[in-house]
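Here are some notes to read alongside the model.

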Amino acid sequence: MEGTNEYGTWQNNAAPSMEGWQQAEGERERRERENRELKAAKKHFSKLGGMYILGTIVIYAVQLVPMALVSFLLPEWLWNGNISMLVSMLPMYLIGMPVLILLVRTIPADRVERRSIRPGSFIVAVVMSFGAVYLTNIIGNVITAAIGTLKGSSVQNQLANMTESISLWMIVLWMVICAPFMEEYVFRKLIVDRTIRYGQGVAVLVSGLMFGLFHGNLNQFVYAFVLGVFLAFLYVKTGNLKITIAIHMMINFMGGLVSSALMRAIDLNEYLEMVSDMDMDAMMAYISENMAGLLAYGVFLIFIFGMLIAGLVLFIVCLAKKRFTFARGQVVIPRGKRFSTIFLNVGMLLYSIFWIAMIIYQLFA
């Protein structure tokens, strides 16, 4: 009878023990698999950061060598902003960036699924991109101005200094054509394709952060990071790099070419000097002579604030409708271990420390 049979009694008592052992064994195997995946992920991100820091070193090297030669043999060339820019830009885009690309392409990548985007959605993305850039540019300028006040001298805006020293055609070549194509491939496609396996959110964050840091100064880091995150989001959702390149080109066209052309046309520094001297006659004469340019600049400012407000409204609407969602990856990094896995490794630490040091140097130089 059940309960009195010795063999039956032993079997009934052993069954729960066997089930518990199987559960414990399954849990142990799950933890071992998770540890293997985390180690592989950490190694993967370390190699990614390592290839980018190696590429950065190559870029600096190929820029410094011709710059040193020109400064030694023909130093007067460097007095010309266009020639100085070409001496720096050509080696970077013709040698440095291609080497970086070859290094990164040694890392396994996954294909991002291609999806179409409706014209209306593209326009919304453009407006939101402009709004994000203008808002975060203001925030970045406020932060750098505050730091300048604390240290007793203004923080130099490297981008503004460069655009003031070169011609408009050089701005078109550098900011409107070369930079969007190369940067979108290097910091969107190469990074996202190699991190998408860990989830869309991880890919978007890593792409934006590495893109922002690469600019090497705080003025650009704030808006470049936010823009990089948004463009990476568009890329993971569409798999179409042409979309992010087009938006990047539009932003650089307005922020680089149009703004520079307008500033040169009206020469606001001259007007501000008149204001500080309270020279009313000179101020009225200036306004009369530069009426067309001032009106154009006013339209540009209206465009900026219009895009800022419209972009902010669209962002809130999309947030309310839960449009910003991220799909899980093939490999899921557990919460609490994401930061250490992605960033606390040799390659990513070296990349981050190098560019953070460059940003700090720019702030206090």
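1. At what angle do helix H5 and helix H8 pack, and how far apart are their axes? This is a predicted model. In it, H5 covers residues 168-195 and H8 covers residues 241-266. The two pack at an angle of about 150 degrees, and their axes are 9 Å apart.

2. The crossing of H5 with H8 is right-handed. Sorted by class, the contact of H5 with H8 has 15 nonpolar residues, five polar and five charged.

3. Now follow H8 to another partner, helix H11, which spans residues 291-320. H8 and H11 pack at an angle of about 150 degrees, with axes 9 Å apart. That makes H8 roughly antiparallel to H11. Here the crossing is left-handed.

4. Which residues make the contact between H8 and H11? From H8 come Met-254, Val-258, Ser-259, Leu-262, Met-263 and Ile-266. From H11 come Gly-293, Leu-294, Ala-296, Tyr-297, Phe-300 and Phe-303. By class, the contact of H8 with H11 has 10 nonpolar residues, two polar and no charged.

5. Next, pick out Val-127. Val-127 sits in helix H3, residues 119-151. Is Val-127 buried or exposed? The cut-off for buried is under 20% relative accessible area. Val-127 has 15%, so Val-127 is buried.

6. What does Val-127 touch, leaving aside its neighbours within four places in sequence? The contacts are Met-307, Ala-310, Gly-311 and Leu-314. Look also at Leu-308. Along the chain, Val-127 and Leu-308 are 181 residues apart.

7. Finally, check the cysteines. A disulfide is a covalent bond between the sulfur atoms of two cysteines. How many disulfides does the structure hold? The count is zero. Cys-318 has a relative accessible area of 12%, so Cys-318 is buried. Cys-178 has 22% relative accessibility, so Cys-178 counts as partly exposed.

Technical notes:
Residues numbered from 1 in each chain as written. Predicted model: local features only at pLDDT ≥ 70, side-chain atom pairs only at ≥ 80, totals over all residues. Heavy atoms only, no water. Disulfide = S-S within 2.5 Å. Buried < 20%, exposed > 50% of the residue type's maximum accessible area, 1.4 Å probe, protein only. Axes fitted to C-alpha atoms, helices over the stretch in contact; angles between N-to-C directions. Helix = DSSP H or I, 4+ residues; strand = E, 2+ residues; numbered from the N terminus. Left-handed = near helix turned anticlockwise from the far one by under 90°. Nonpolar A, V, L, I, M, F, W, Y, C, P; charged D, E, K, R; others polar. Contact = heavy atoms within 4.5 Å. Parallel < 35°, antiparallel > 145°, perpendicular 65-115°, else oblique.
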